[in-house]
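The following exercises are to be worked with the sequence and the coordinates at hand. Each task is followed by a stepwise solution.

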Amino acid sequence: MSIPILIATRDVVEYLRDGRLLWTGALILALLATALAVGWQRQTEARAERVAAAKLDYDDWLQQPERHPHDAAHQGMHVFKPEPALSIVEPGLIPYTGSTLWLQAHRQSEVKFRPANDATGLQRFGTLSAAWILQMLVPLLVIVLGFNALAGERERGTLRQVLSLGVSPRQLLWGKALAIAMSVALVLLPAVVLAVISVLAAVEDGSRLDAALRLGWMGLAYALYLGIFICLVLAVSARAGSSRTALIGLLALWVAMSVVAPRLVADLSRSVYPSASRSEFNKKLDAELNVEYQRAWNEQVGEGTAFGTDVPLSQWGIGLKVHDHAGYAVMDRHFNALWESYSNQQAMQEWIGFLVPIITVRAFSMGITGTDFSQHRAFSTAAEHHRRLMQDIISQDLVEHADGHGESHFEYLAERSLWATVPPFAYEAPKAMEAARQNFRSLLILAAGLVLAVSLMLAATPRRVVA
Amino acid sequence: MGSQTSLLREVVRHEARVLVADRSLLLAGLFLALLIGYALYNGLTDTRARDLAIAEVLQQDDQRIENTIAQLRRVMAGQELPDPFANPADASSVGRSMGARHTAMLSAPLAPIAFGQSDMLPGYYMVSVRSKVNFMYDSEIENPWNLFSGRFDLAFVLTYLLPLLILSVSYNLLAAEREQGTLRMLLSQPLGLPTLVFGKIAVRAGALRGIALIVPVAGWLLTRPETRAADQLVMLLIWAALVIAYGLFWFALSGLVNSLGKSSALNALILIGCWIVLVLVVPLALNLLVSAVSPAPSRTELATQTRIIASDSYTRNQDLLRTEYYHVGKPESLLPKDGRFEVPARLKAFFLMARQMDAEIQAALDRFDEQLAKQQRLVNRYGFASPAILMHEGMTVLAGTGVSRYQHFQEQVQAFHGQWREYFEPRIIEGIAITEADFETMPQWTWKEQDPGVVRSDALLRTFHMVIAAVLLTILCIGKLRRYPVV
């Protein structure tokens, strides 16, 4: 057996014996099991409910009686964001992004019904999920296991002994790192098995491989993340004057990284890339829409006011089409600017995550799961496309049928067959590899963070000659 | 007893001197002041931005209504022909947008304490004769990632970080003395161990809590004149009591752990473990529990229900909907005659449909409010499971950014929506033209503040819970100190 492995096994036995691993491990495992059970229940419920609601809504759309098409568009349809399988493990931004969108005539709408709006202020403390435990609590386990790995040996005088046996300081360090890694793996193993089983059981047959791939990527990201912590802990333990100093320093570091930094960094990114408030957003959008509507009506209908007094009813179909199309570009511009500010804010935070890895691992974890903002945005965009498709089909029908009716525009009722020409909304989230590609930057940042942490650890290697 | 008091004074004086010399308390205090200063700045600027946004929205309303009245005058004087869908004489146009106003909730004087729900729930709604489903589901727009991360407000600093600073200056009160061998020397004097611990804690507690109280209070009194009113000073006192009680709890916990006689490293571990459980884990667990016991009804089902009601009302109002707009080619039909104005049939249909929607969806909407209120009651009842919950909830209540005040606001908005619709209903249905005088008699929104008595007792109850916990810990601590292994 090589020396690092020898050291590692000895240390793991030591951890088991002194109760540290047992107590903290059992606590974390119990929390993980609870979180997974709750995640499973929430995910399966949400998924079933949304599939059913989407079908109901579209069926009702198809079964509309003969009706004026614009009335049908005003009633519109509801579309629902599919619930990703891995949200069992990582609910990500689900509490803060809605999942229901009402597609209606005239205006792009926001995704409504954030679950957090229906919850008490406690929600703002966070969501108990497996991912949260991995991000927040497992690093603490690493600290508890490793704070005296070297400092303790030095205090007891065993460091000198071990080194005098011909073990190189590097080998000792790697052995210690391995010991912590093995212990953490020991604690997490049952939870990982549970998570894999529940995720694979929650998906349909066709997407098992996709879910497995996502889990694999996720595992890699968390391995990098915890690796960073192991190296940091050992670096501090090697250099600290005493194990007490090491412990206090590491706890302070953990608090700064996990509790304080995310909020500070969010503030910072907000001040660098300001995003509009609701009142600003609506004010600017309305103003620009009005200008654009007026211009389009002037140029294409020959009348400055939308549906003004001089527009004959025989031109309302074409007018509606002109009106809608005039708004599309404006809405795209405004929504994209808003969403871009969000993406920029997040990207900036991920870069800072080089030093505060919890931010980056969060971003990757949400991204690979499909519970992040970019996939929310992709859904919103797809839904808006569907809305425009519905609008265009309807205005075209009005141009073809109602405009010919002359002055009796609203007498016109569309045949029921028109409804079926609007297809059901189908949104497919990016596949695992695509999601990994989109979030590759975060993975690289994490890898770079690990390289930095390893170098710090190696730089802190205790000298062979201990005076 | 008298000798212990003078000894206590001696201990305090000595500790203060030592702590000033070794700078650790000074550093912790400065750090705390810095954190609080930043949180205060955040709270103040954001509250101001929110207030400004509301003021602007209200001012836009004034402007729009002024324009509507001016246009009505021109129309009545025959100088202008109105737009068919923006006709100042048409009750449906005026009730729907031209005369509609925003309802707004003003931020409370102590709002900068905690962001609470203010970055998610709207502080204003545009109320019109349209259905609630068109405006009651609005929410603030904010980067969900930032909502997830949370805000750096005073509630955060005091709930999360103040305990850590308290623990950092107190985890080795006795262990360090024992490890250095000075404890034995100290206790060879006629000095009780509880007196020693109490003295040590008093110095630290005085410094940290002093900063936690003085900095924010000075900040608010200087920058927010509304906090200087007598009733708000009472609120400030309650807030101070809350902070003191919370600090007391953590010092008492630290005293208890110190009294166990473990090494200072183990003390640190136990205390951080307590902090993690009480501040990080229990609130999440209670949140989970509360939403499991009283889950919010399904918003997905609500969407389906909305669709079914809308479908039905389109069918019911088909005849009105099929009626043409008469104005086309007949501009005189856009002008009121003898105080009458026949609202176009389709617009009348929209009004009736909105009314039907609201009548039929109300029960479902009420269920959401009920469930949320029930969740809040559970949080209030079981909040004592963690002082962090008591502290955080107490501060959001005082800041007026918690769930209960938002629900109070939404109830008023819904009531106002009812009045607004009632006002316009006869005018739309019977075809009565809007006159200039009507703008004076239309329902006016006035925000009614939550009962301050309820807010006060709510915050005081939480303070009381924390004090009880602190006292229990102190009693335990004194008991343990009697058997403390000095050697």
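**Exercise 1.** Determine how many residues of chain A and of chain B take part in the contact, and describe the area they bury.

*Solution.* Step 1: in this predicted model, chain A contributes 96 residues to the contact and chain B contributes 92 residues. Step 2: between them the two chains bury about 8600 Å², and 61% of this area lies on carbon and sulfur atoms. Step 3: Phe125(A), Arg263(A) and Arg278(A) provide 11% of the area that chain A buries against chain B, more than any other three residues.

**Exercise 2.** Characterise the polar and charged links between chain A and chain B, and the make-up of the side of chain A that touches chain B.

*Solution.* Step 1: the count of salt bridges between chain A and chain B is 11. Step 4: helix 9 (residues 243-272) of chain A gives the most to the side of chain A that touches chain B, namely 14 residues. Step 5: by class, that side of chain A holds 49 nonpolar, 26 polar and 21 charged residues.

**Exercise 3.** Is Asn267(B) buried or exposed, and what does its side chain reach?

*Solution.* Step 1: Asn267(B) belongs to helix 10 (residues 264-293) of chain B. Step 2: its relative accessible area is 0%, so Asn267(B) is classed as buried, the cut-off being under 20%. Step 3: the side chain of Asn267(B) reaches the backbone oxygen of Tyr171(B) at 3.0 Å. Step 4: leaving aside residues up to four places away in sequence, Asn267(B) touches Tyr171(B), Ala175(B), Val257(B), Asn258(B) and Lys262(B).

**Exercise 4.** Locate His106(A) and Asp338(B), two residues with positive phi, and classify the accessibility of each.

*Solution.* Step 1: His106(A), although not a glycine, has a positive phi of about 80°. His106(A) sits in the loop between strand 2 (100-103) and helix 4 (130-146) of chain A. Step 2: with a relative accessible area of 24%, His106(A) is partly exposed. Step 3: Asp338(B), also a residue other than glycine, has phi near 50° and occupies the loop between helix 12 (318-321) and helix 13 (345-382) of chain B. Step 4: Asp338(B) is exposed, because its relative accessible area is 76% and the cut-off is over 50%.

Technical notes. Residues are numbered from 1 along each chain as its sequence is written. Chains are lettered from A and ligands numbered from 1 in the order in which they are written. This is a predicted model: local features need pLDDT of at least 70, side-chain atom pairs count only at pLDDT 80 or more; totals for chains, interfaces and linings use all residues. Side-chain values use heavy atoms; hydrogens and water are left out. Contact means heavy atoms within 4.5 Å. Buried area is the accessible area (1.4 Å probe) that two parts lose on being put together, summed over both. A salt bridge is a side-chain nitrogen of Lys or Arg within 4 Å of a carboxyl oxygen of Asp or Glu. A polar contact is a pair of N or O atoms within 3.5 Å; within protein, one must be able to donate a hydrogen and the other to accept it, and residues adjacent in sequence count only if both atoms are side-chain atoms. Helices (H or I, at least four residues) and strands (E, at least two) are DSSP runs, numbered from the N terminus. Ala, Val, Leu, Ile, Met, Phe, Trp, Tyr, Cys and Pro count as nonpolar, Asp, Glu, Lys and Arg as charged, and the others, Gly among them, as polar. Buried means under 20% relative accessible area, exposed over 50%, partly exposed in between (1.4 Å probe, protein chains only).
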